[in-house]
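User: Could you help me go through this structure? I would like to start with the ligands.
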Amino acid sequence: MPSNHTTEMVRNKVAPLYERVKKFIPEMEWPVHADHIAAINQLKKSRNAVILAHNYQTPEIFHCVADITGDSLALAQRAVDTDADVIVLAGVHFMAETAKLLNPGKTVLMPDLNAGCSLADSITAADVRKLREQYPGVPVVTYVNTSAEVKAECDICCTSGNAVAIVESLGSDKVIFVPDEYLAAYVAEHTDVEIISWKGHCEVHERFTAAEIDSFREGHAGLKVIAHPECPPDVLASADFVGSTAQMQDYVVNERPDKVLMLTECSMSDNVSISVEDVEFIRPCNLCPHMKRITLANIQQSLETLTPAVEIDESVAIRARAAVERMLAVGRSQLTKVAALSG
Ligand code: 13P
Ligand code: SF4
(Lines give C-alpha, C1' and ligand atoms only; values in the text may rest on other atoms or scores of the structure.)
(Ligands and ions follow the chains in the order given, each with its own letter.)
Protein backbone atom coordinates (compact mmCIF):
# COMPACT_ATOMS: atom_id res chain seq x y z
CA MET A 1 0.00 0.00 0.00
CA PRO A 2 1.49 3.41 -0.90
CA SER A 3 1.70 5.87 2.02
CA ASN A 4 -0.53 8.96 2.08
CA HIS A 5 2.57 11.02 1.36
CA THR A 6 3.45 9.00 -1.76
CA THR A 7 -0.14 9.15 -3.00
CA GLU A 8 -0.15 12.92 -2.56
CA MET A 9 3.15 13.29 -4.44
CA VAL A 10 1.81 11.20 -7.34
CA ARG A 11 -1.37 13.26 -7.51
CA ASN A 12 0.54 16.55 -7.38
CA LYS A 13 2.66 15.45 -10.32
CA VAL A 14 -0.35 15.00 -12.60
CA ALA A 15 -2.37 17.91 -11.15
CA PRO A 16 -1.58 20.27 -14.11
CA LEU A 17 -3.38 17.82 -16.41
CA TYR A 18 -6.61 18.40 -14.51
CA GLU A 19 -6.69 21.97 -15.80
CA ARG A 20 -7.18 20.59 -19.34
CA VAL A 21 -10.11 18.31 -18.54
CA LYS A 22 -11.83 19.97 -15.60
CA LYS A 23 -14.87 20.96 -17.71
CA PHE A 24 -15.69 17.25 -18.05
CA ILE A 25 -14.42 15.58 -14.88
CA PRO A 26 -15.86 16.50 -11.49
CA GLU A 27 -13.17 17.41 -8.94
CA MET A 28 -14.17 14.57 -6.62
CA GLU A 29 -13.61 12.00 -9.41
CA TRP A 30 -10.20 13.31 -10.40
CA PRO A 31 -8.08 11.47 -7.73
CA VAL A 32 -9.13 8.10 -9.19
CA HIS A 33 -8.12 9.22 -12.68
CA ALA A 34 -4.93 10.87 -11.38
CA ASP A 35 -3.64 7.60 -9.89
CA HIS A 36 -4.21 5.74 -13.18
CA ILE A 37 -2.66 8.56 -15.23
CA ALA A 38 0.49 8.63 -13.07
CA ALA A 39 0.82 4.82 -13.26
CA ILE A 40 0.24 4.77 -17.05
CA ASN A 41 2.77 7.51 -17.70
CA GLN A 42 5.34 5.58 -15.64
CA LEU A 43 4.55 2.31 -17.43
CA LYS A 44 4.89 3.98 -20.84
CA LYS A 45 8.51 4.78 -19.96
CA SER A 46 9.39 1.40 -18.51
CA ARG A 47 7.74 -0.50 -21.40
CA ASN A 48 8.89 1.93 -24.14
CA ALA A 49 5.23 2.20 -25.11
CA VAL A 50 3.12 4.75 -26.96
CA ILE A 51 -0.61 5.24 -26.72
CA LEU A 52 -2.50 5.93 -29.94
CA ALA A 53 -5.93 7.34 -29.16
CA HIS A 54 -8.82 7.87 -31.54
CA ASN A 55 -10.73 11.17 -31.47
CA TYR A 56 -13.69 9.39 -29.78
CA GLN A 57 -11.76 8.51 -26.62
CA THR A 58 -12.84 10.21 -23.41
CA PRO A 59 -11.00 13.42 -22.42
CA GLU A 60 -9.00 11.80 -19.58
CA ILE A 61 -7.53 9.33 -22.11
CA PHE A 62 -7.30 11.74 -25.05
CA HIS A 63 -5.78 14.67 -23.14
CA CYS A 64 -3.94 13.00 -20.24
CA VAL A 65 -2.21 9.80 -21.47
CA ALA A 66 -2.34 9.70 -25.29
CA ASP A 67 0.90 10.30 -27.24
CA ILE A 68 -0.70 10.33 -30.68
CA THR A 69 -4.31 11.30 -31.36
CA GLY A 70 -6.34 11.55 -34.55
CA ASP A 71 -8.71 9.95 -37.02
CA SER A 72 -8.24 6.42 -38.38
CA LEU A 73 -6.01 7.68 -41.19
CA ALA A 74 -3.69 9.62 -38.88
CA LEU A 75 -3.46 6.69 -36.46
CA ALA A 76 -2.49 4.35 -39.32
CA GLN A 77 0.05 6.84 -40.70
CA ARG A 78 1.61 7.57 -37.32
CA ALA A 79 1.70 3.90 -36.34
CA VAL A 80 4.28 3.42 -39.11
CA ASP A 81 6.64 6.04 -37.66
CA THR A 82 6.86 4.96 -34.05
CA ASP A 83 10.05 3.47 -32.64
CA ALA A 84 8.30 2.30 -29.47
CA ASP A 85 8.34 -1.44 -28.67
CA VAL A 86 4.74 -1.46 -27.52
CA ILE A 87 1.69 0.26 -29.02
CA VAL A 88 -1.50 0.60 -27.00
CA LEU A 89 -4.52 1.25 -29.17
CA ALA A 90 -7.12 3.31 -27.36
CA GLY A 91 -9.84 2.84 -29.95
CA VAL A 92 -11.55 -0.18 -31.47
CA HIS A 93 -10.34 -3.56 -32.65
CA PHE A 94 -9.93 -2.82 -36.37
CA MET A 95 -7.67 0.13 -35.47
CA ALA A 96 -5.44 -2.15 -33.38
CA GLU A 97 -5.32 -4.65 -36.24
CA THR A 98 -4.26 -1.89 -38.63
CA ALA A 99 -1.47 -0.86 -36.25
CA LYS A 100 -0.37 -4.51 -35.96
CA LEU A 101 -0.40 -4.98 -39.76
CA LEU A 102 1.94 -2.01 -40.07
CA ASN A 103 4.11 -3.10 -37.11
CA PRO A 104 4.26 -6.89 -37.26
CA GLY A 105 7.30 -7.07 -34.97
CA LYS A 106 5.83 -4.92 -32.20
CA THR A 107 3.48 -5.73 -29.37
CA VAL A 108 0.12 -4.09 -30.09
CA LEU A 109 -2.18 -4.03 -27.10
CA MET A 110 -5.95 -3.64 -27.22
CA PRO A 111 -7.13 -2.99 -23.65
CA ASP A 112 -10.52 -4.62 -24.35
CA LEU A 113 -10.70 -7.09 -27.25
CA ASN A 114 -14.49 -6.75 -27.30
CA ALA A 115 -14.28 -3.14 -28.51
CA GLY A 116 -15.71 -3.90 -31.95
CA CYS A 117 -17.57 -1.90 -34.60
CA SER A 118 -20.97 -2.43 -36.23
CA LEU A 119 -19.46 -1.72 -39.67
CA ALA A 120 -16.69 -4.28 -39.20
CA ASP A 121 -19.31 -6.80 -38.08
CA SER A 122 -21.49 -6.19 -41.16
CA ILE A 123 -19.29 -8.03 -43.66
CA THR A 124 -17.15 -11.17 -43.83
CA ALA A 125 -14.34 -12.33 -46.10
CA ALA A 126 -16.79 -14.81 -47.71
CA ASP A 127 -19.13 -11.88 -48.53
CA VAL A 128 -16.30 -10.11 -50.38
CA ARG A 129 -15.42 -13.29 -52.30
CA LYS A 130 -19.09 -13.54 -53.39
CA LEU A 131 -19.09 -9.90 -54.55
CA ARG A 132 -15.98 -10.61 -56.64
CA GLU A 133 -17.78 -13.55 -58.28
CA GLN A 134 -20.80 -11.36 -58.94
CA TYR A 135 -18.73 -8.49 -60.43
CA PRO A 136 -15.68 -10.14 -62.03
CA GLY A 137 -12.73 -7.82 -62.59
CA VAL A 138 -14.19 -4.93 -60.56
CA PRO A 139 -11.70 -3.69 -57.93
CA VAL A 140 -12.77 -3.75 -54.27
CA VAL A 141 -12.15 -0.85 -51.88
CA THR A 142 -12.68 -1.56 -48.22
CA TYR A 143 -13.28 1.06 -45.57
CA VAL A 144 -10.68 0.66 -42.82
CA ASN A 145 -13.55 -0.24 -40.42
CA THR A 146 -13.28 -3.96 -41.30
CA SER A 147 -11.49 -7.04 -39.99
CA ALA A 148 -8.06 -8.04 -41.31
CA GLU A 149 -9.75 -11.06 -42.98
CA VAL A 150 -11.96 -8.71 -45.01
CA LYS A 151 -9.04 -6.40 -45.87
CA ALA A 152 -7.14 -9.45 -47.11
CA GLU A 153 -9.83 -10.02 -49.78
CA CYS A 154 -9.80 -6.40 -51.00
CA ASP A 155 -7.52 -4.46 -53.35
CA ILE A 156 -7.10 -1.34 -51.28
CA CYS A 157 -8.23 0.19 -48.04
CA CYS A 158 -9.57 3.71 -47.42
CA THR A 159 -10.71 5.87 -44.52
CA SER A 160 -13.38 8.55 -44.29
CA GLY A 161 -10.61 11.12 -44.87
CA ASN A 162 -9.44 9.80 -48.25
CA ALA A 163 -12.28 7.63 -49.67
CA VAL A 164 -12.89 9.65 -52.86
CA ALA A 165 -9.15 9.94 -53.65
CA ILE A 166 -8.63 6.20 -53.11
CA VAL A 167 -11.56 5.24 -55.35
CA GLU A 168 -10.27 7.55 -58.09
CA SER A 169 -6.68 6.30 -57.71
CA LEU A 170 -7.74 2.92 -59.16
CA GLY A 171 -8.47 4.34 -62.63
CA SER A 172 -11.50 2.05 -62.96
CA ASP A 173 -14.95 3.21 -64.12
CA LYS A 174 -16.62 0.87 -61.59
CA VAL A 175 -15.60 0.05 -58.01
CA ILE A 176 -17.05 -2.17 -55.27
CA PHE A 177 -17.01 -0.17 -52.02
CA VAL A 178 -17.63 -1.99 -48.71
CA PRO A 179 -19.11 -2.03 -46.13
CA ASP A 180 -20.57 1.42 -45.31
CA GLU A 181 -23.58 2.12 -47.53
CA TYR A 182 -23.74 5.79 -46.54
CA LEU A 183 -20.04 6.48 -47.05
CA ALA A 184 -20.37 4.73 -50.42
CA ALA A 185 -23.28 7.04 -51.34
CA TYR A 186 -21.22 10.05 -50.27
CA VAL A 187 -18.29 8.90 -52.45
CA ALA A 188 -20.65 8.25 -55.39
CA GLU A 189 -21.86 11.83 -55.15
CA HIS A 190 -18.30 13.14 -55.39
CA THR A 191 -16.93 11.06 -58.26
CA ASP A 192 -17.86 9.84 -61.73
CA VAL A 193 -16.80 6.31 -60.82
CA GLU A 194 -19.78 3.93 -60.53
CA ILE A 195 -19.99 2.63 -56.96
CA ILE A 196 -21.37 -0.77 -55.99
CA SER A 197 -22.11 -0.70 -52.27
CA TRP A 198 -22.90 -2.97 -49.33
CA LYS A 199 -25.55 -2.52 -46.65
CA GLY A 200 -23.33 -1.91 -43.61
CA HIS A 201 -24.08 0.98 -41.24
CA CYS A 202 -22.48 2.60 -38.23
CA GLU A 203 -24.84 2.13 -35.30
CA VAL A 204 -23.80 5.53 -33.92
CA HIS A 205 -24.12 7.71 -37.02
CA GLU A 206 -27.17 6.05 -38.59
CA ARG A 207 -29.28 7.40 -35.71
CA PHE A 208 -28.93 11.08 -36.64
CA THR A 209 -31.86 12.54 -38.59
CA ALA A 210 -32.38 15.57 -40.83
CA ALA A 211 -35.42 16.53 -38.70
CA GLU A 212 -33.14 16.73 -35.67
CA ILE A 213 -30.85 19.14 -37.54
CA ASP A 214 -33.82 21.32 -38.58
CA SER A 215 -35.01 21.64 -35.00
CA PHE A 216 -31.53 22.58 -33.74
CA ARG A 217 -31.17 25.17 -36.50
CA GLU A 218 -34.51 26.70 -35.45
CA GLY A 219 -33.33 27.07 -31.87
CA HIS A 220 -29.82 28.34 -32.68
CA ALA A 221 -29.42 31.09 -35.27
CA GLY A 222 -26.12 30.87 -37.18
CA LEU A 223 -25.52 27.25 -36.15
CA LYS A 224 -22.95 25.37 -38.27
CA VAL A 225 -23.70 21.67 -38.63
CA ILE A 226 -20.79 19.39 -39.44
CA ALA A 227 -21.24 15.71 -40.03
CA HIS A 228 -19.27 12.50 -40.41
CA PRO A 229 -19.85 10.75 -43.77
CA GLU A 230 -21.17 7.64 -41.98
CA CYS A 231 -24.41 9.63 -41.40
CA PRO A 232 -27.44 8.96 -43.68
CA PRO A 233 -27.53 10.89 -47.00
CA ASP A 234 -30.36 13.28 -45.99
CA VAL A 235 -28.35 14.25 -42.89
CA LEU A 236 -25.25 14.91 -45.00
CA ALA A 237 -27.33 16.97 -47.43
CA SER A 238 -28.48 19.20 -44.53
CA ALA A 239 -24.97 19.67 -43.10
CA ASP A 240 -22.68 22.66 -43.75
CA PHE A 241 -19.58 20.49 -43.85
CA VAL A 242 -18.86 16.75 -44.13
CA GLY A 243 -15.54 15.15 -43.19
CA SER A 244 -13.59 12.60 -41.21
CA THR A 245 -13.21 13.22 -37.50
CA ALA A 246 -9.87 15.00 -38.11
CA GLN A 247 -11.40 17.11 -40.90
CA MET A 248 -14.31 18.01 -38.60
CA GLN A 249 -11.85 19.11 -35.94
CA ASP A 250 -9.86 21.19 -38.47
CA TYR A 251 -13.09 22.84 -39.61
CA VAL A 252 -13.91 23.99 -36.07
CA VAL A 253 -10.33 25.08 -35.29
CA ASN A 254 -9.94 27.03 -38.55
CA GLU A 255 -13.45 28.42 -39.13
CA ARG A 256 -14.27 29.21 -35.47
CA PRO A 257 -18.07 29.20 -35.90
CA ASP A 258 -19.93 30.85 -33.00
CA LYS A 259 -21.98 27.70 -32.53
CA VAL A 260 -21.37 24.24 -33.88
CA LEU A 261 -23.20 20.93 -33.87
CA MET A 262 -20.91 17.97 -34.54
CA LEU A 263 -22.92 15.01 -35.76
CA THR A 264 -20.72 12.27 -34.44
CA GLU A 265 -19.64 10.47 -31.26
CA CYS A 266 -20.01 12.44 -28.00
CA SER A 267 -16.38 12.58 -26.85
CA MET A 268 -15.37 14.28 -30.09
CA SER A 269 -17.08 17.56 -29.10
CA ASP A 270 -15.62 17.30 -25.58
CA ASN A 271 -12.08 16.85 -26.90
CA VAL A 272 -12.29 19.62 -29.50
CA SER A 273 -14.01 22.06 -27.13
CA ILE A 274 -11.04 21.85 -24.75
CA SER A 275 -8.82 23.52 -27.35
CA VAL A 276 -11.34 26.02 -28.80
CA GLU A 277 -12.89 27.87 -25.90
CA ASP A 278 -14.57 30.55 -28.04
CA VAL A 279 -16.88 28.10 -29.87
CA GLU A 280 -20.19 27.00 -28.35
CA PHE A 281 -20.85 23.28 -28.86
CA ILE A 282 -24.49 22.33 -29.25
CA ARG A 283 -25.14 18.66 -28.68
CA PRO A 284 -26.84 16.02 -29.44
CA CYS A 285 -24.30 13.35 -29.95
CA ASN A 286 -24.44 9.56 -29.81
CA LEU A 287 -22.16 7.34 -27.75
CA CYS A 288 -20.16 4.55 -29.39
CA PRO A 289 -20.43 1.66 -26.91
CA HIS A 290 -17.32 0.05 -28.40
CA MET A 291 -15.08 3.09 -28.03
CA LYS A 292 -16.34 3.47 -24.48
CA ARG A 293 -14.98 0.04 -23.49
CA ILE A 294 -11.53 1.60 -23.26
CA THR A 295 -10.80 3.12 -19.86
CA LEU A 296 -7.76 4.35 -17.94
CA ALA A 297 -8.07 1.26 -15.73
CA ASN A 298 -7.87 -1.23 -18.60
CA ILE A 299 -5.08 0.74 -20.34
CA GLN A 300 -3.06 0.52 -17.12
CA GLN A 301 -3.78 -3.19 -16.75
CA SER A 302 -2.86 -3.82 -20.34
CA LEU A 303 0.51 -2.10 -19.92
CA GLU A 304 1.19 -3.97 -16.67
CA THR A 305 0.46 -7.41 -18.14
CA LEU A 306 1.29 -6.71 -21.83
CA THR A 307 -2.07 -8.31 -22.68
CA PRO A 308 -4.36 -8.63 -24.56
CA ALA A 309 -2.05 -8.43 -27.56
CA VAL A 310 -3.47 -8.40 -31.09
CA GLU A 311 -2.25 -11.24 -33.31
CA ILE A 312 -3.10 -11.79 -36.98
CA ASP A 313 -2.51 -15.00 -38.86
CA GLU A 314 0.40 -14.35 -41.25
CA SER A 315 -1.44 -15.76 -44.30
CA VAL A 316 -4.15 -13.12 -43.72
CA ALA A 317 -1.75 -10.38 -42.60
CA ILE A 318 0.35 -10.45 -45.80
CA ARG A 319 -2.70 -9.66 -47.98
CA ALA A 320 -4.40 -7.28 -45.52
CA ARG A 321 -1.14 -5.34 -45.07
CA ALA A 322 -0.86 -4.90 -48.83
CA ALA A 323 -4.34 -3.27 -48.92
CA VAL A 324 -3.40 -0.83 -46.12
CA GLU A 325 0.02 -0.07 -47.59
CA ARG A 326 -1.51 0.66 -51.01
CA MET A 327 -3.73 3.24 -49.29
CA LEU A 328 -0.78 4.87 -47.52
CA ALA A 329 1.18 4.92 -50.80
CA VAL A 330 -1.66 6.87 -52.51
CA GLY A 331 -1.46 9.44 -49.69
CA ARG A 332 2.33 9.73 -50.09
CA SER A 333 2.18 10.11 -53.88
CA GLN A 334 -0.41 12.90 -53.51
CA LEU A 335 1.85 14.71 -51.03
CA THR A 336 4.75 14.40 -53.48
CA LYS A 337 2.58 15.90 -56.24
CA VAL A 338 1.56 18.84 -53.98
CA ALA A 339 5.22 19.43 -53.01
CA ALA A 340 6.28 19.37 -56.70
CA LEU A 341 3.55 21.88 -57.61
CA SER A 342 4.42 24.27 -54.78
CA GLY A 343 8.20 23.86 -55.12
P1 13P B 1 -12.53 8.58 -38.65
O2 13P B 1 -11.56 7.84 -39.49
O3 13P B 1 -13.16 9.73 -39.37
O4 13P B 1 -11.87 9.02 -37.36
O5 13P B 1 -13.74 7.63 -38.29
C6 13P B 1 -13.59 6.45 -37.58
C7 13P B 1 -14.87 5.97 -37.06
O8 13P B 1 -14.96 4.90 -36.52
C9 13P B 1 -16.01 6.85 -37.20
O10 13P B 1 -17.10 6.30 -36.63
FE1 SF4 C 1 -17.73 1.66 -35.55
FE2 SF4 C 1 -19.54 3.59 -35.56
FE3 SF4 C 1 -18.22 3.05 -33.31
FE4 SF4 C 1 -16.96 4.24 -35.39
S5 SF4 C 1 -18.61 5.06 -34.15
S6 SF4 C 1 -16.20 2.54 -34.15
S7 SF4 C 1 -17.98 3.24 -37.12
S8 SF4 C 1 -19.65 1.69 -34.38
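User: Which domains give residues to the shell around ligand 1?
Analyst: Domain 1 (4–117 + 291–305) and domain 3 (205–282) both contribute to that shell, so ligand 1 lies between them. The domain bounds come from an automatic or database domain assignment. This is a predicted model, in which local features need pLDDT of at least 70, side-chain atom pairs count only at pLDDT 80 or more, and totals for chains, interfaces and linings use all residues. Side-chain values use heavy atoms, leaving out hydrogens and water.

User: What classes of residue does the shell around ligand 1 have?
Analyst: The shell has 1 nonpolar, 8 polar and 2 charged residues. Ala, Val, Leu, Ile, Met, Phe, Trp, Tyr, Cys and Pro count as nonpolar, Asp, Glu, Lys and Arg as charged, and the others, Gly among them, as polar.

User: Which side chains have an N or O atom by an oxygen atom of ligand 1?
Analyst: Among them are Thr 245, at 2.5 Å, and Glu 230, at 2.9 Å. A polar side-chain atom of Ser 160 is 2.7 Å from a ligand 1 oxygen. Taken alone, ligand 1 exposes 300 Å², and the protein buries 96% of that (accessible areas by the Shrake-Rupley method with a 1.4 Å probe).

User: And what about ligand 2, which residues are around it?
Analyst: The residues around ligand 2 include Tyr 56, Val 92, Leu 119, Asn 145, Glu 230 and Met 291 (each with a heavy atom within 4 Å of the ligand). By class, the shell around ligand 2 has 8 nonpolar, 3 polar and 1 charged.

User: Changing topic, how many disulfides does a search of the whole structure find?
Analyst: The search finds 1 disulfide, a pair of cysteine sulfur atoms within 2.5 Å. Cys 266 is joined to Cys 285, with 2.2 Å from S to S.

User: Is that link right-handed or left-handed?
Analyst: The link of Cys 266 and Cys 285 is right-handed, with 95 degrees about the S-S bond.

Conventions:
Residues numbered from 1 in each chain as written. Chains lettered and ligands numbered in written order. Polar contact = N/O pair within 3.5 Å; in protein donor to acceptor, adjacent residues only side chain to side chain.
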